[in-house]
There are 4 protein chains.
Amino acid sequence: MANSKFEYVKHFELSSTTHLLPNTYIIIRIDGRSFHRFTTTHAFTKPNDIRALNLMNAAATAVFHDLGGEVVSIAYGVSDEYSFILRRECNLFDRREQKLVSTVVSIFTAYYVSLWPTYFPSTPLQRPLPTFDGRAVCYPTIENVRDYLSWRQADCHINNLYNTTFWALIQQGGMTAQEAEKELMGTLSRDKNEILYSRFGINYNNESEMFKKGSVVYRNYGAVPDSSVQADDKDEGEVVESASKSPAETQKGKSRSQQKREAKKLAKAEVVIEHVDIIKDEFWEKRPWILHWTLGRPNEYAGTGQ
Amino acid sequence: MANSKFEYVKHFELSSTTHLLPNTYIIIRIDGRSFHRFTTTHAFTKPNDIRALNLMNAAATAVFHDLGGEVVSIAYGVSDEYSFILRRECNLFDRREQKLVSTVVSIFTAYYVSLWPTYFPSTPLQRPLPTFDGRAVCYPTIENVRDYLSWRQADCHINNLYNTTFWALIQQGGMTAQEAEKELMGTLSRDKNEILYSRFGINYNNESEMFKKGSVVYRNYGAVPDSSVQADDKDEGEVVESASKSPAETQKGKSRSQQKREAKKLAKAEVVIEHVDIIKDEFWEKRPWILHWTLGRPNEYAGTGQ
Amino acid sequence: MANSKFEYVKHFELSSTTHLLPNTYIIIRIDGRSFHRFTTTHAFTKPNDIRALNLMNAAATAVFHDLGGEVVSIAYGVSDEYSFILRRECNLFDRREQKLVSTVVSIFTAYYVSLWPTYFPSTPLQRPLPTFDGRAVCYPTIENVRDYLSWRQADCHINNLYNTTFWALIQQGGMTAQEAEKELMGTLSRDKNEILYSRFGINYNNESEMFKKGSVVYRNYGAVPDSSVQADDKDEGEVVESASKSPAETQKGKSRSQQKREAKKLAKAEVVIEHVDIIKDEFWEKRPWILHWTLGRPNEYAGTGQ
Amino acid sequence: MANSKFEYVKHFELSSTTHLLPNTYIIIRIDGRSFHRFTTTHAFTKPNDIRALNLMNAAATAVFHDLGGEVVSIAYGVSDEYSFILRRECNLFDRREQKLVSTVVSIFTAYYVSLWPTYFPSTPLQRPLPTFDGRAVCYPTIENVRDYLSWRQADCHINNLYNTTFWALIQQGGMTAQEAEKELMGTLSRDKNEILYSRFGINYNNESEMFKKGSVVYRNYGAVPDSSVQADDKDEGEVVESASKSPAETQKGKSRSQQKREAKKLAKAEVVIEHVDIIKDEFWEKRPWILHWTLGRPNEYAGTGQ
């Protein structure tokens with residue numbers, strides 16, 4: 001075959017094929033490319049455009065649906081960025097880095113462009129089209145993942161307080177951008193809260209939760225009735241959950257059939273979008289399936305001790 | 001700042017940041033995800049849907065425009081895949097692998113989805129939307145790059161001959177897919193040519209060049225008149241090209257100002273799509289700027305000997 | 001400086017610099033190169049040469065001393081291989097993979113060659129000299145690390161039972177290597193035990209523990225009297241250990257000053273070599289400092305939840 | 001087998017296995033660890049200890065012999081570092097990075113320690129023993145490799161001129177280290193030459209070539225008589241070398257049988273150590289086999305055009 005003498009070039013792919021470390025959480029973060037220019041061209045409302053945020057959330061939801069029930073356990077979005085946390089037992093594409101990153105970016109982009117007219121009915125999409133870049137990073141523990149999400153949500157708060165004050169100074173205070181920037185230089189959070197309240201009568205606490213907290217997307221396993229799923233095999237010595245154990249400890253004691261039932265429930269669970277605090281423990285303790293549970297299939301790389 | 005105690009998580013990114021080797025050609029190949037299903041759902045003409053191929057070519061052209069004049073030197077597309085060859089002196093995103101791959105995939109996807117109605121005016125796009133994955137691989141020499149492209153074009157020929165015969169057996173010969181597959185098992189190229197000719201009166205040579213050769217996309221530097229560009233600085237001992245030198249040797253002798261002029265011309269050059277042989281030398285000898293020339297800015301990693 | 005125009009070549013190093021994922025255990029395994037030939041040339045006793053194993057253990061101990069108290073938490077050796085487990089909080093050389101691997105291999109090799117005459121006083125070292133290759137792999141959890149060590153120790157048992165029987169058949173049974181190999185083909189553990197006992201009067205259980213279990217090397221923190229160390233700062237609300245907690249849970253509650261005291265004790269602790277079971281829990285429960293405790297300095301990448 | 005449930009841990013190795021890009025030169029550089037302290041403890045002569053340099057050269061020569069004739073094409077050493085350039089067609093260990101680096105470091109270390117008494121007969125080796133770390137970096141072109149070597153040799157010159165002057169100020173001028181350092185701050189090459197000449201009567205040009213140029217190690221192919229090798233197959237249309245072609249062009253025209261003859265000659269060629277200029281072209285033009293020739297076996301990744 002004429003082809004064969006050229007086929008050696010495939011061998012070069014080996015040098016750039018990275019497999020992400022097994023038994024770690026994979027976080028894929030996508031970011032809008034040149035969105036500063038894009039938001040200007042398309043006349044986004046400042047400091048927050050609710051249509052644009054809803055479009056981001058819709059595109060993120062599509063990633064959950066396209067990749068299937070067990071892959072993404074939670075996603076967090078703010079401004080023009082979105083982070084997708086993949087389960088530590090995820091083995092999609094053999095955890096090949098380039099394939100995972102490019103696929104998530106492609107799905108997100110496709111739905112963002114396709115759904116644009118739904119969220120911006122009177123604003124035609126202009127060139128250059130909106131695009132996103134992405135990166136995948138591994139995190140070995142739940143603590144690391146929670147700190148990652150806390151980092152993003154704390155960032156959301158800081159940026160939103162700044163932007164809210166900045167645009168109030170411009171839109172209501174009549175300042176130029178340079179003047180507003182200068183005014184805010186060196187100010188602390190309480191200073192910005194004070195500016196908002198005393199000059200513009202804005203109580204920052206009453207701002208939209210979506211603007212202040214960002215958007216949290218996950219499958220609402222807890223809302224699915226148990227009756228909707230049946231185990232597909234007999235129960236072999238099932239362990240009963242006891243309130244005195246931590247979520248992770250309880251999960252380790254679960255039987256295989258119970259895990260399968262949970263996976264079925266998860267696949268049926270609706271993808272929900274909330275604007276809530278994910279820095280404190282409460283969110284996670286009430287939704288242990290998001291990070292603490294291993295679902296659907298055994299984590300073949302978790303080790304015999306689990 | 002509340003943020004700081006979480007910021008350590010950024011440090012984990014270092015572990016998955018790969019910089020592609022300098023002074024090598026970067027080839028980014030994108031592939032349609034689950035396109036077998038997608039082409040069925042959207043009723044693509046078999047074996048080749050000219051609307052779909054034109055849409056692929058339009059999306060590829062958008063990648064040239066979005067990334068700017070000097071980044072992509074040539075692209076080659078066939079079926080639902082496209083390969084983009086980046087210049088060896090390319091330093092975009094500091095050659096970070098994930099950023100390069102995700103950006104090219106995102107641009108391609110955005111234009112594919114956005115331009116769909118232009119090429120398929122009577123076929124609404126259904127979910128799951130078309131998406132692509134991507135990979136980046138480095139090739140150190142012109143010979144390797146040409147062999148890569150020859151590999152893809154030889155593949156195009158082999159697959160197209162097979163598909164053309166397969167679908168003729170079904171569409172004109174009334175066979176089922178299984179029967180056609182069985183009929184073709186073990187056949188050589190000449191056997192397929194013979195089946196096409198004797199049973200269906202099809203001379204494969206007369207098939208569309210786009211189907212047989214795939215699509216080659218590049219900036220047609222050669223068509224830009226010299227008068228349209230001026231050097232931006234005085235010529236310091238310019239080297240005269242002589243016919244007896246190879247394209248690469250000639251390029252090495254060029255002065256800095258001449259390189260700048262060439263870069264200007266390239267930026268003005270139209271992006272063209274052709275369906276021609278790129279395995280033989282002729283294509284490359286007539287268009288030395290594609291692989292042989294270093295354009296626009298000095299390749300800072302090429303070495304002092306160049 | 002004449003140097004500067006060449007210095008760009010340093011930039012290529014970026015492409016092959018890998019930082020191992022933070023907050024994971026790093027296991028560096030070294031293996032003898034061409035040791036089959038080497039053991040023949042140097043007339044090693046078969047199936048096990050006690051001088052050679054003691055030399056391996058001495059070289060492994062030197063790695064502990066050379067790298068300092070907090071880097072290696074445990075090592076395991078069998079035959080011509082040795083695995084070094086680095087603490088998950090280890091930040092040596094910024095966790096650069098090539099630097100870590102090459103350093104451990106170099107130390108091991110240097111001591112192996114240097115100590116040779118001590119262990120083989122009547123066997124001069126011949127060329128080619130004994131050398132080792134190495135690899136570093138990350139493991140995210142204690143379960144993974146314990147399974148890694150169980151894998152190596154189970155391998156040790158399987159190989160040693162085979163080799164003991166194989167060499168008995170040759171040395172005492174008068175077989176050739178081919179005959180012994182054929183005799184053992186398809187046999188189970190109990191068959192080999194039976195061959196050893198019935199034909200040669202060997203009770204495998206009475207074989208040397210070093211041969212059956214391999215060698216476990218660690219710092220015997222438990223043997224250091226508390227009185228030998230003092231905290232270097234006042235205790236800020238120290239948590240008392242309680243028997244009802246797991247080793248890891250207890251560790252998380254420790255105060256910073258207690259951790260510092262423990263690190264001091266560890267640095268004073270003698271490096272010991274034992275030939276014991278590390279597959280069952282007992283070894284680990286009695287020595288929680290090896291894998292469960294974070295010592296010396298805070299793990300800056302462990303997360304705020306720990 | 002009890003082993004199997006633990007064997008999953010092998011799969012984690014995939015994440016840290018890097019294959020170096022084919023068809024590029026691999027440069028492995030080793031560096032002495034903490035040699036400042038080591039040279040003090042072992043009373044090295046300053047600024048250059050000829051025994052130590054000869055020992056480095058002997059260890060480097062051992063790397064050539066241990067790895068076999070076709071792997072290393074040239075090595076360059078200065079002070080406590082050595083760079084080994086592997087042929088671009090090298091496929092040793094499938095070009096696995098960790099294996100290549102650790103092996104070279106281990107060989108070098110083993111011979112350095114083993115040969116120590118030969119070069120330092122009256123200085124017993126003390127602990128901590130001398131060890132080395134290593135790194136591998138790919139370079140795609142001959143120009144890059146030559147610039148790498150020029151970088152190291154220019155560095156050698158700069159450092160040696162500084163050290164020679166520094167130690168003259170101390171040893172002959174009676175200065176302390178601090179005084180000498182202060183004296184040299186901001187000086188140019190000509191200033192140091194002047195200090196050496198006017199104060200100490202030292203003409204730097206007359207210093208040892210090994211100190212000024214470092215050490216170049218390679219196989220002296222050119223010294224092997226043609227009569228010592230025979231082609232192992234008939235010549236298929238051998239191309240005659242012509243003086244008007246560049247070394248690389250000539251090489252491309254060579255027949256397979258001629259390449260095999262050259263490989264045989266190379267394997268017979270003595271490893272030589274020279275202290276010569278490798279920045280200028282002359283060294284390379286007279287020894288085209290070092291970088292320009294592909295020897296021994298076809299470079300399977302070089303491409304069909306070569």
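The following passage describes a sheet in chain D, a helix pair in chain C and an annotated domain in chain A of a predicted model. Local features need pLDDT of at least 70 and side-chain atom pairs count only at pLDDT 80 or more, whereas totals for chains, interfaces and linings use all residues. Residues are numbered from 1 along each chain as its sequence is written, chains are lettered from A in the order in which they are written, and side-chain values use heavy atoms, without hydrogens and water.

Three bridges connect β2 (residues 72-78) of chain D with β5 (residues 215-219) of chain D; D:Gly77 is partnered by D:Ser215 of β5(D). Helix α4 (residues 142-171; helices are H or I runs of at least four residues) of chain D packs on this sheet, with contacts (heavy atoms within 4.5 Å) to β1, β2, β3 and β4 of chain D.

In chain C, α4 (residues 142-171) and α5 (residues 177-184) pack at about 130°, their axes (lines fitted to C-alpha atoms over the stretch in contact, with angles from 0 to 180 degrees between N-to-C directions) being 9 Å apart. Among the contacting residues are C:Phe166 of α4(C) and C:Leu184 of α5(C).

The unreviewed UniProt entry annotates residues 6-140 of chain A as "domain: tRNAHis guanylyltransferase catalytic"; such annotations may be inferred rather than shown by experiment. This stretch of chain A is 36% helix and 21% strand.

Definitions and conventions
Pairing = 2+ DSSP bridges. Helix = DSSP H or I, 4+ residues; strand = E, 2+ residues; numbered from the N terminus.
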